[in-house]
Amino acid sequence: MGIQNTLKALSDPVRREILNMLKNGQMSAGEITEKFDITGAAISRHLSVLKEADLVRDKRDGKFIIYELNTSVLEEIMLWIKDLKGDEEND
């Protein structure tokens, strides 16, 4: 997996919006789908890409699948970008 999958997942505006929605808490796949004007299958694919990149986690709750943000991967990306940027105090 790695950073390439993460950056690919973050490159799509629909996936970024899904992550934005999940920062407020867990949501079912149906609740996520309701917020978009695209098919459920398309949302399912976006969620699959996010899950493959480990940006979201899912769990079954009865007949529902609940998604939540995995902030640890985002924190790793932020640390990597900060490291690339370097120490601003020495600039």
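A residue counts as buried under 20% relative accessible area, as exposed over 50%, and as partly exposed in between, with a 1.4 Å probe and protein chains only. By this rule E52 is partly exposed, because its relative accessible area is 43%. The structure is a predicted model, in which local features need pLDDT of at least 70 and side-chain atom pairs count only at pLDDT 80 or more, while totals for chains, interfaces and linings use all residues. Residues are numbered from 1 along each chain as its sequence is written, and side-chain values use heavy atoms, with hydrogens and water left out.

**Overall architecture**

- The protein chain contains five helices and three strands; helices (H or I, at least four residues) and strands (E, at least two) are DSSP runs, numbered from the N terminus.
- Read from the N terminus, the order of the elements is α-α-β-α-α-β-β-α.
- The C-alpha trace spans about 55 × 25 × 25 Å along its principal axes.
- Of the 91 residues of the protein chain, 29% count as buried.
- The accessible surface comes to about 6400 Å², and carbon and sulfur atoms account for 50% of that surface; such areas come from the Shrake-Rupley method with a 1.4 Å probe, and for residues only the protein chains shown count as cover.
- Among contacts (heavy atoms within 4.5 Å) between residues at least 6 apart in sequence, 49% join residues at least 24 apart.

**Helices α2 and α4**

- The axes of helix α2 (residues 13-22) and helix α4 (residues 40-52) come within 10 Å and cross at roughly 75 degrees. Axes are lines fitted to C-alpha atoms, for helices over the stretch in contact, and angles run from 0 to 180 degrees between N-to-C directions.
- The two helices α2 and α4 are therefore roughly perpendicular to each other. Angles of 65 to 115 degrees count as roughly perpendicular, under 35 as roughly parallel, over 145 as roughly antiparallel, and the rest as oblique.
- On the α2 side, V14, R15, I18 and L19 take part, and they meet I43, H46, L47, V49 and L50 of α4.
- By class, this contact of α2 with α4 has seven nonpolar, one polar and one charged residues. Ala, Val, Leu, Ile, Met, Phe, Trp, Tyr, Cys and Pro count as nonpolar, Asp, Glu, Lys and Arg as charged, and the others, Gly among them, as polar.

**Salt bridges**

- The whole structure holds two salt bridges, each being a side-chain nitrogen of Lys or Arg within 4 Å of a carboxyl oxygen of Asp or Glu.
- Side chains of opposite charge can pair when their charged atoms come close.

**Residue I65**

- I65 is located in strand β3 (residues 64-69) and is partly exposed, with a relative accessible area of 27%.
- Apart from neighbours within four places in sequence, I65 is in contact with M27, S28, A29, D58, K59 and R60.
- I65 and M27 are 38 residues apart in sequence, and their C-alpha atoms are 8.4 Å apart in space.

**Residue D54**

- D54 lies in the loop between α4 and β2 (56-61), and at 34% relative accessibility D54 is partly exposed.
- The phi of D54 is near 65 degrees, a positive value in a residue other than glycine.
- Most residues other than glycine have a negative phi.
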